Amino acid sequence: MKKDRIIFWCILFISISCVRKVQTIDSGSISTLNIDVNEIGTHQVNKLSDILEPIDVIALETTNESLIRNINKIEFYKDDIYVLDLEGSKSLLVFSKNGKYKYKIGRIGNGPGEYSEPRDFDIDEEEVRILTHNKLLIYTSFGINFRTFIFKRLEF
């Protein structure tokens, strides 16, 4: 009788552990790649790189000054990478093309040339512009503030 119980529990355990669980994955943000084998033709594919383009990955340096929670906008300009982080550092950070941290443009605060909660940025040959909820700050390409425009709400 005791032996029958042990066998019963062993069979039950094995049958439960062999049950395949079905998991569904939300692929809303994942792009799907469909490969039509007929398009490849009779060519033999030896490597995946024969049909896909390589992707370059640049690891950004992590320092106390360059911690990023979320990349909200990224721009590649000349030999630098400009990263806007609205959640963590709430700053515009500049990295070299190899990912080494260089500097932060501007400072967080409420004083002249400082900003809180940047919303967007733009870069051209001469300037870096940071837009906040009520200011447009214009910096040189090295992050030195030289103009600030404050927006005031018009009341009628």
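Asp122, Asp124, Glu127 and Arg129 are linked in a network of salt bridges, a salt bridge being a side-chain nitrogen of Lys or Arg within 4 Å of a carboxyl oxygen of Asp or Glu. The structure is a predicted model, in which local features need pLDDT of at least 70 and side-chain atom pairs count only at pLDDT 80 or more, while totals for chains, interfaces and linings use all residues. Residues are numbered from 1 along each chain as its sequence is written, and side-chain values use heavy atoms, with hydrogens and water left out.

The protein chain has two helices and ten strands, where helices (H or I, at least four residues) and strands (E, at least two) are DSSP runs numbered from the N terminus. Along the sequence, the elements follow the pattern α-α-β-β-β-β-β-β-β-β-β-β. Of the 156 residues in the protein chain, 23% are buried; buried denotes under 20% relative accessible area, exposed over 50%, and partly exposed the range in between (1.4 Å probe, protein chains only).

Four strands form an open antiparallel sheet in the order S1-S2-S3-S4, two strands being paired if DSSP finds at least two bridges between them. S1 and strand S4 (101–105) are the edge strands, each pairing on one side only. Neighbouring strands of this sheet are turned by 20 degrees against each other on average, direction ignored, with axes taken as lines fitted to C-alpha atoms (for helices over the stretch in contact) and angles running from 0 to 180 degrees between N-to-C directions. Five bridges join S1 to strand S2 (residues 80–85) in the antiparallel sense, and Phe76 stands opposite Ile81 in S2.

The largest nonpolar core has 13 residues, and those with the most contacts inside it are Tyr82, Leu92, Ile105, Phe121, Val128, Ile130 and Tyr139; such a core is a set of buried Ala, Val, Leu, Ile, Met, Phe, Trp, Tyr and Cys residues joined through side-chain atoms within 4.5 Å. Two or more residues of this core come from each of S2, strand S3 (91–96), S4, strand S7 (120–123), strand S8 (127–131) and strand S9 (135–140). A second, separate core of five residues includes Ile81, Val83, Leu93 and Phe95.

On the surface, Ile58, Ile71, Ile74 and Phe76 form a nonpolar patch with about 360 Å² of accessible area together. Patches are made of residues with over 30% relative accessible area and no salt bridge, like charges being joined within 9 Å and nonpolar side chains (Val, Leu, Ile, Met, Phe, Trp, Tyr) within 5 Å; accessible areas come from the Shrake-Rupley method with a 1.4 Å probe, and for residues only the protein chains shown count as cover. Ile71 is placed in the loop between helix H2 (37–40) and strand S1 (73–77) and is partly exposed, at 42% relative accessible area.

Nine salt bridges are found in a search of the whole structure. Lys73 and Asp120 meet in one with an N to O distance of 2.8 Å; Lys73 lies in strand S1 and Asp120 in strand S7, so the pair ties together parts that are 47 residues apart in sequence. Lys73 is partly exposed at 23%, as is Asp120 at 33%. In the salt bridge between Glu125 and Lys78, the closest N and O atoms are 3.2 Å apart, and the pair links the loop between S7 and S8 with the loop between S1 and S2. Glu125 is exposed at 56% relative accessible area, and Lys78 is exposed at 60%. Asp80 forms a salt bridge with Lys102, with the closest N and O atoms 2.8 Å apart. Here Asp80 is buried at 14%, whereas Lys102 is partly exposed at 42%.
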